[in-house]
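This report describes one protein chain, from its overall build down to single residues. Please keep the sequence and the 3D view open while reading.

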Amino acid sequence: MPLVVDLDRLRTALAGQPGLAGWRDRALEPLTGSGVAHDHVRVVGTGLLARVPRLSQFAMAAAENLAYQAECFRRLGASGCVPRLAAVLPPGPGLPMGALLVSEVAGRPVRLPDD
């Protein structure tokens, strides 16, 4: 599925966050996948991915949807079985649904049904 997020707008949103101003020049690498709910973009050299919602699976408003997703990562984070939530990029002009910055999980995409 083609990437929906505009990488220049994502870069601007990242650089606009407290503590991330130096990220304006970071390389962004879109990850391939077949998901319909999110785009995933590697922020090269940081160990983080931007998880950018394409839509709300529960028909929530953008800010509510993002808060729900962030809370899911926070609560499940204690298990060590999900990526660590590093930051929340609020919905705005460049990111209408916002984004989450989460730790990258090294490895390969899942191969079903083998995995």
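## Terms and basis

A polar contact is a pair of N or O atoms within 3.5 Å; within protein, one atom must be able to donate a hydrogen and the other to accept it, and residues adjacent in sequence count only if both atoms are side-chain atoms. The model is predicted, so local features need pLDDT of at least 70 and side-chain atom pairs count only at pLDDT 80 or more, while totals for chains, interfaces and linings use all residues. Residues are numbered from 1 along each chain as its sequence is written, and side-chain values use heavy atoms, with hydrogens and water left out.

## Overall build

The protein chain has two helices and five strands. Helices (H or I, at least four residues) and strands (E, at least two) are DSSP runs, numbered from the N terminus. Read from the N terminus, the order of elements is α-β-β-β-α-β-β.

A compact globule of 115 residues would have a radius of gyration near 13 Å, and the 14 Å of the protein chain agrees with this. That radius is taken over C-alpha atoms, and the globule rule is 2.2 Å times the number of residues to the power 0.38. The C-alpha trace spans about 40 × 30 × 30 Å along its principal axes. Contact means heavy atoms within 4.5 Å. Among contacts with a separation of 6 or more, 42% join residues 24 or more positions apart.

## Surface and charge

The accessible surface of the protein chain is about 7,000 Å², and 57% of that belongs to carbon and sulfur atoms. Accessible areas come from the Shrake-Rupley method with a 1.4 Å probe; for residues, only the protein chains shown count as cover. Buried means under 20% relative accessible area, exposed over 50%, and partly exposed in between (1.4 Å probe, protein chains only). By this rule, 34% of the 115 residues count as buried.

There are 12 positive and 10 negative side chains, and the centres of the two sets lie 3 Å apart. Lys and Arg count as positive and Asp and Glu as negative; His and the chain ends are not counted. The place of a charge is taken as NZ of Lys, CZ of Arg, CG of Asp or CD of Glu.

## Helix α1

Helix α1 covers residues 7-15, and its buried residues are Leu10, Arg11, Ala13, Leu14 and Ala15. These buried residues pack against β1 (28-30), β2 (38-43), β3 (48-53), β4 (85-89) and β5 (99-103). At the start of α1, a side-chain oxygen of aspartate 6 comes within 2.9 Å of the backbone nitrogen of aspartate 8.

## Two buried polar residues

Asparagine 65 belongs to helix α2 (residues 62-77). Asparagine 65 counts as buried because its relative accessibility is 2%. Its side chain makes a polar contact with the side chain of serine 56, at 3.3 Å. Leaving out residues up to four places away in sequence, asparagine 65 touches Pro53, Leu55, Ser56, Gln57, Met60 and Met97.

Serine 103 is in strand β5. With a relative accessible area of 16%, serine 103 is also buried. A polar atom of its side chain lies 2.7 Å from the backbone nitrogen of arginine 84. With residues up to four places away in sequence again left out, serine 103 touches Gly47, Leu48, Pro83 and Arg84.

## Backbone exceptions

Most residues other than glycine have a negative phi, and most peptide bonds are trans. Alanine 59, in the loop between β3 and α2, has a positive phi, near 55 degrees. Alanine 59 is exposed, with a relative accessible area of 77%. The peptide bond from leucine 112 to proline 113 is cis, with omega near 5 degrees. Proline 113 lies in the segment after β5.

Glycine 94 sits in the loop between β4 and β5 and is partly exposed at 23% relative accessibility.

Proline 109, in the segment after β5, is exposed, with a relative accessible area of 66%. Proline 109 and threonine 32 are 77 residues apart in sequence and 9.4 Å apart in space, C-alpha to C-alpha. Aspartate 115, in that segment after β5, counts as exposed at 53% relative accessibility. Aspartate 115 touches Arg108, Pro109 and Val110, not counting residues up to four places away in sequence. Its C-alpha lies 28 Å from that of leucine 28, 87 residues away in sequence.
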